[in-house]
Amino acid sequence: MAAPMFIASTPDLVIAQCRSGIIGSIPALNARTSAELDNDLTRIEQGLEGCQIPYAVNLVAHKSNDRLDADLELTIKHRVPIVVLALAASAKIVDAIHGYGGIVLNDVINDRQARKCADIGVDGIIAVATGAGGHTGNVSPFALMAEIREWWHGLLILSGCIATGSAILAAEALGADLAYVGSPFLASTEANTQPAFKQMIVDCAAKDVVIANCFTGANASFLLPSVTANGLDPASLWRPDRGAVDISGGGSDRKAWRDIWSAGQGIGAVKRVEPAADFIAWLADDYARARRAIAAV
Ligand SMILES: Cc1cc2nc3c(=O)[nH]c(=O)nc-3n(C[C@H](O)[C@H](O)[C@H](O)COP(=O)(O)O)c2cc1C
């Protein structure tokens, strides 16, 4: 399953992902207005006519999101097959999506959050382990999966740093039903990422990913060359008090995510800017290769 990415995911990327055989996804907030979201969902539906693979939309279920009601209404109108909820989801939202037969997934970074999601009736839990792009977890996938799988028998999806076929096979070994892949698609031709961002994904590896909590209060992964290119000291971006850092110095209007680029530790596997279909074909080959290697042992 492809993970939704703020700014970067586009309707074209979702269509390419689904048409290549994996679940494509997009944050509702990538459309600038709810009216634009309505158009985007229509475009995705048209692009996926006859395709058996479902797509997903990510809704931020937090009171700070003043578009939530309107976007939820559109999600229901379009009967979006899969909804990925983030932040403060409620049983009411889950019921609304179940009302038309939709599936609800919710991402978590620890066992406590996973139990809360189970309580509100989600269909699937996305366990975001350490090394992920965007807001990252800090728990090893070995511990996170073992703790959740002990009591959760529903759909379990592993996220964080999955960028190769062997990582997908490893996710399966840990009890995951699906692997959730984000950062590699930042280098897809269909992604709404600047050419320099795409190239940075190709050029960088785990050593180039730093953690910052000063933008949202939660830990998120950013690309070191993009932090320094914006004149910021990487050491100042992680604050024990989760305090905000003013990054608008010198009259610039730079913003995290748009100008300071996020990616997870798995990007060393990304070797070129290419259509999503080509990366997915490589991923499938690499997975088959990993299976053969295991069978040969
Ligand atoms: C640039 C970027 C933007 C992201 N934006 C969102 C978002 O809007 N909503 C969301 O639920 N997750 C978001 N994520 C997190 C991903 O959905 C997913 O958890 C993560 O990419 C998985 O780790 P990986 O990048 O190592 O594959 C974002 C990740 C990245 C890299």
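How far does a backbone N or O atom of Gly182 lie from an oxygen atom of the ligand? The distance is 2.8 Å. Keep in mind as you look around that this is a predicted model.

**Around the ligand**

- The ligand is surrounded by 21 residues, and the closest are Pro4, Phe6, Asn58, Cys161 and Ser183.
- Sorted by class, this shell holds ten nonpolar, ten polar and one charged residues.
- Asn58 places a polar side-chain atom 2.7 Å from a nitrogen atom of the ligand.
- Cys161 takes part through its backbone, where a polar atom is 2.8 Å from an oxygen atom of the ligand.
- On its own the ligand has 600 Å² of accessible area, and the protein covers 91% of that.

**The nonpolar cores**

- The largest nonpolar core is made up of 71 residues, and Tyr55, Phe185, Ile201 and Leu223 have the most contacts inside it.
- Helix α1 (residues 11-19) supplies the largest share of this core, with five residues.
- Another core lies apart from the largest one; it has twelve residues, including Val84, Leu105, Val128 and Ile157.

**A look at Ile201**

- Leaving aside residues up to four places away in sequence, Ile201 touches Ser183, Leu186, Ala187, Leu223, Ala263, Ile267 and Val270.
- One of these partners, Leu223, is also listed with Ile201 among the residues with the most contacts inside the largest core.

Note on methods:
Residues numbered from 1 in each chain as written. Predicted model: local features only at pLDDT ≥ 70, side-chain atom pairs only at ≥ 80, totals over all residues. Heavy atoms only, no water. Core = buried A, V, L, I, M, F, W, Y, C linked by side-chain atoms within 4.5 Å. Buried < 20%, exposed > 50% of the residue type's maximum accessible area, 1.4 Å probe, protein only. Helix = DSSP H or I, 4+ residues; strand = E, 2+ residues; numbered from the N terminus. Contact = heavy atoms within 4.5 Å. Near = heavy atom within 4 Å. Polar contact = N/O pair within 3.5 Å; in protein donor to acceptor, adjacent residues only side chain to side chain. Areas by Shrake-Rupley, 256 points an atom, 1.4 Å probe, with all protein chains shown as cover. Nonpolar A, V, L, I, M, F, W, Y, C, P; charged D, E, K, R; others polar.
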